Amino acid sequence: MTTPLRTAVDISRCDSLDDSVAVVDAFMRAGLVARRDFENDAAGTAGPGRRQLLAVSSMIDEKAGSVLESLARVLLWRNALAPTATQYWIRHDSWAARVDFAWPEQQAILETDGFEYHSSPESFVGDRRRWSALVRAGWRVGVVTWSDVTGDPAYVVGLVRDLLR
């Protein structure tokens with residue numbers, strides 16, 4: 001039996017970059033691993049898998065809200081499209097919205113949209129209204145799903161490139 005930190009480090013040395021980032025993000029989200037502890041272990045590790053462990057360490061995000069966000073972030077990073085901000089708050093007149101990925105300089109947003117999150121019709125409708133409010137405020141908004149990120153990454157990359165133009 002190993003500690004959550006040791007498990008996260010071991011997975012990150014051996015598993016794919018995508019899965020490793022998603023696992024460590026999930027461990028942080030659950031409060032099982034602290035970012036600083038993971039980064040310190042990664043920096044002090046030698047031997048096989050060190051390069052990937054350091055890559056994972058540079059990409060983890062304790063603010064990631066889901067596995068889908070983690071996978072999308074790795075995809076964007078791989079294509080030199082890493083977001084400027086994650087879980088970014090936008091305030092406009094009488095409302096505020098938090099978005100998954102933002103490039104504030106270009107007023108561009110990418111949202112990851114999964115079935116799990118919309119457990120009620122109200123949350124589904126609320127998201128669409130939030131996106132419409134963002135567009136009305138001058139932001140360019142793209143939305144991707146699990147199928148897009150895992151099954152058609154070229155679509156996601158093309159969408160983000162278009163948003164950033």
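The legends below describe close-up views of a predicted model.

**View 1. The open sheet of 4 strands.**
The strands follow the order β1-β2-β3-β4, and their pairing is mixed. Strands β1 (85–92) and β4 (140–144) are at the edges with a single partner strand each, so one side of each has no neighbour in the sheet. From one strand to the next, the twist averages 45°. Strand β3 (residues 108–112) pairs with β4 in the parallel sense, over 5 bridges. Within this pairing, Ala108 is opposite Arg140 of β4.

**View 2. Helices α6 and α8 against the sheet.**
Helix α6 (residues 121–136) lies across β1, β2 (95–103), β3 and β4. The direction of α6 is at about 80° to β2. Helix α8 (residues 153–163) also packs on the sheet, where β2, β3 and β4 are the strands touched. The direction of α8 makes about 175° with that of β4.

The largest nonpolar core has 18 residues. Leu76, Trp103, Leu110, Val149 and Val156 touch the most other members. Two or more residues come from each of α5 (67–78), β2, β3 and α8. Leaving aside residues up to four places away in sequence, Leu110 touches Leu76, Asp100, Phe101, Trp103, Gly142, Val143, Val144, Val156, Leu159 and Val160. In soluble globular proteins, nonpolar side chains tend to be buried together.

**View 3. A separate nonpolar core.**
Another core, of 16 residues, lies apart from the largest one. Its members include Leu17, Ala42, Val56 and Met59.

**View 4. Asp15 in the loop between α1 and α2.**
Asp15 is in the loop that joins α1 (4–14) to α2 (17–29). Its relative accessible area is 35%, so Asp15 counts as partly exposed. With residues up to four places away in sequence not counted, Asp15 touches Ser20 and Gln52. Trp131 is 116 residues from Asp15 in sequence, and the two C-alpha atoms are 35 Å apart in space.

**View 5. The salt bridge of Arg78 and Asp18.**
The model has 9 salt bridges. In the one shown here, between Arg78 and Asp18, the closest N and O atoms are 2.7 Å apart. Arg78 belongs to helix α5 and Asp18 to helix α2, so the pair ties together parts that are 60 residues apart in sequence. Both residues are partly exposed: Arg78 has 45% relative accessibility, and Asp18 has 21%.

Arg35 and Glu62 meet through their side chains in a salt bridge of 2.8 Å, N to O. Arg35 is in helix α3 (residues 35–43), whereas Glu62 is in the loop between α4 (50–59) and α5, so the pair ties together parts 27 residues apart in sequence. Arg35 is partly exposed, at a relative accessible area of 25%. Glu62 is likewise partly exposed, at 39%.

**View 6. The salt bridge of Glu111 and Arg130.**
Glu111 and Arg130 form a salt bridge in which the closest N and O atoms are 2.7 Å apart. The pair links distant parts of the chain, with Glu111 in strand β3 and Arg130 in helix α6, 19 residues apart. Glu111 has a relative accessible area of 2% and is therefore buried.

**View 7. The aromatic pair of Tyr88 and Trp139.**
The whole structure contains 1 aromatic pair. The ring centres of Tyr88 and Trp139 are 6.4 Å apart and the ring planes are at 55°, so the pair is classed as tilted. Tyr88 is in strand β1 and Trp139 in the loop between α6 and β4; the pair thus links distant parts of the chain, 51 residues apart. Tyr88 counts as partly exposed, at 27% relative accessibility, while Trp139 is buried, at a relative accessible area of 10%.

Definitions and conventions:
Residues numbered from 1 in each chain as written. Predicted model: local features only at pLDDT ≥ 70, side-chain atom pairs only at ≥ 80, totals over all residues. Heavy atoms only, no water. Pairing = 2+ DSSP bridges. Axes fitted to C-alpha atoms, helices over the stretch in contact; angles between N-to-C directions. Contact = heavy atoms within 4.5 Å. Core = buried A, V, L, I, M, F, W, Y, C linked by side-chain atoms within 4.5 Å. Buried < 20%, exposed > 50% of the residue type's maximum accessible area, 1.4 Å probe, protein only. Salt bridge = Lys/Arg side-chain N within 4 Å of Asp/Glu carboxyl O. Phe/Tyr/Trp six-rings, centres within 6.5 Å; stacked < 30°, edge-to-face > 60°.
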